[in-house]
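Good morning, colleagues. Please look at the sequence and the model that I am about to show, and keep both in view while I speak.

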Amino acid sequence: MKVAERLARREQVWRELDALLIRFEHAGALRGRRLLPWKQTIAAEQQDDPTLPSPEGRIGAAEVVRLGELYRAACADLMLAEAYDLPRETVAYLHALVGRAHNSIYRTRGFRVRDWASELLEVVPRRLRSDPFLKLASVVFWGLMILAGLLGAGRPGFSEKIVGLEQLANLEAMYAQPLTEMPREDAFMTGFYINHNAAIGLKCFAYGLTFGIMTLYELSFQAIVLGTMFGHMATTPSAANFYEFVTAHGPFELTAIVMSGAAGLRLGWGLIDTKGQRRLDSLAREARASLPIVGTAVCLFVLAAFVEGFVSASAMPYWGKAGVAIGSTLLLVVYLVAGGRGVAGDARSDTEFVGNTSERDRGR
């Protein structure tokens, strides 16, 4: 039998694949929509049989298996068509058919607001809760900051040794007058704070490439210096002005520093504990795992910069700035503690994030 005749007899198979792809594409469009009441009844009846297609767009197991068979057959037909120089229209048709089948099997996730919101509000907080590096970074940063603050406020000479006399003098002079008497350039200062905060976050994250050592150093350095400044300023006449300025944006900014440090520590641990992979692959795995916490840190840095630029130095009364700080803290607590609870897949997502190697990773 000639190749052309063989391929001509395959036309029915191609049409079957085309129809099945339409079914898959329609099912993808249906996924996530709310069903009409009568279709919900049908879906409930079919829930126990995973091989059956369902009204809400679920593809049956038999259809998935058949799609794989038809896809492989179409690939072989395409190779024959190209090798034996069959009509251009036939080759083009098979190219398009195989491409659609490939996209259905190896589906990519496009950007959808619904998916983005689900990822941000459900998946990310679950992963943050289960991240041991976030817990470690929190203990290191907050522990050192509180200790440095107590020493800066209660131990004479400590602040001078840590921060330096000149910087302390500049700090006291900066907050010697009420905030309402300071020059205001809100938009410019917001840009400056974004740049400044992003630099700190990037250093904490990128230093993870030094096996996490420099990340620990940067995290500790920021905690000790900030804690010492907070403690020292509490003993000066400028304390009221200083705390009025830092209160509103503090929760977002300090939490973002901790998260950046946690992401850097994860990178460093990926270079130490490779889980049997090549060191570069292990680093890539942990870099992917750190994306949720990096993304959250970026959002917090930007929020902190806007609050610092438009609220902290404004004429808003202190009770209003304290209210912003309390609201920000409550928002963070609710997000980290309650976000994503009770959603299916909680345990699976947590297990993936703590660094357990997937079957695919182990096979590399």
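This is a predicted model: local features need pLDDT of at least 70, side-chain atom pairs count only at pLDDT 80 or more; totals for chains, interfaces and linings use all residues.

**Aromatic rings, helix packing and selected residues**

I begin with a cluster of rings: Tyr-175, Phe-230, Phe-242, Tyr-243 and Phe-245 are linked by ring pairs. Rings of Phe, Tyr and Trp (its six-membered ring) are said to pair if their centres lie within 6.5 Å; planes under 30 degrees apart count as stacked, over 60 as edge-to-face and the rest as tilted.

Residues are numbered from 1 along each chain as its sequence is written, and side-chain values use heavy atoms, with hydrogens and water left out.

Let me now turn to the chain as a whole. The protein chain has 18 helices and zero strands; helices (H or I, at least four residues) and strands (E, at least two) are DSSP runs, numbered from the N terminus. Of the 364 residues in the protein chain, 43% are buried. Here, buried means under 20% relative accessible area, exposed means over 50%, and partly exposed is in between, with a 1.4 Å probe and protein chains only. As for contacts, which are defined as heavy atoms within 4.5 Å, consider those in the protein chain between residues at least 6 apart in sequence: 77% of them join residues at least 24 apart.

I return to the aromatic rings. How many aromatic pairs does a search of the whole structure find? The search finds nine. One of the pairs is formed by Trp-14 and Tyr-93, and this pair is tilted, at 6.1 Å centre to centre and with 50 degrees between the planes. Because Trp-14 lies in helix 2 (residues 11-30) and Tyr-93 in helix 5 (residues 88-105), the pair ties together parts that are 79 residues apart in sequence. Trp-14 is buried, at a relative accessible area of 7%, whereas Tyr-93 is partly exposed, at 34%.

A further pair consists of Phe-141 and Trp-142. The ring centres of Phe-141 and Trp-142 are 5.3 Å apart and the planes stand at 85 degrees, so this pair is edge-to-face. Phe-141 is buried, with 0% relative accessibility, while Trp-142 is partly exposed, with a relative accessible area of 33%.

Helix 5 also holds Arg-100. Arg-100 is partly exposed, with a relative accessible area of 26%. If we set aside neighbours within four places in sequence, Arg-100 is in contact with Asp-18, Leu-21, Ile-22 and Glu-25. Between Arg-100 and Glu-25, which are 75 residues apart along the chain, the C-alpha atoms are separated by 9.4 Å.

My next topic is the packing of two helices. Two packed helices are described by the angle between their axes and the distance between the axes. Helix 13 (residues 250-272) and helix 14 (residues 279-289) pack at about 155 degrees, and their axes are 8 Å apart. Axes are lines fitted to C-alpha atoms, for helices over the stretch in contact, and angles run from 0 to 180 degrees between N-to-C directions. At that angle, helix 13 is roughly antiparallel to helix 14; angles under 35 degrees count as roughly parallel, over 145 as roughly antiparallel, 65 to 115 as roughly perpendicular and the rest as oblique. Among the residues that meet are Arg-266, Leu-267 and Gly-270 in helix 13, and Ser-282, Leu-283 and Glu-286 in helix 14.

Helix 13 also contains Pro-251, which is buried at a relative accessible area of 17%. Leaving aside neighbours within four places in sequence, Pro-251 is in contact with Ala-325, Ser-328, Thr-329 and Leu-332. Pro-251 and Ser-328 are 77 residues apart along the chain, and their C-alpha atoms are separated by 6.4 Å.

In helix 11 we find His-232. Is His-232 buried or exposed? His-232 is buried, with a relative accessible area of 9%. Not counting residues up to four places away in sequence, His-232 touches Gly-152, Ala-153, Ser-159, Leu-168 and Glu-172.

Finally, a remark on the backbone. Most residues other than glycine have a negative phi. Phe-211, however, has a positive phi, near 60 degrees. Phe-211 lies in the loop between helix 10 (186-206) and helix 11 (213-233), and is partly exposed at 42% relative accessibility.
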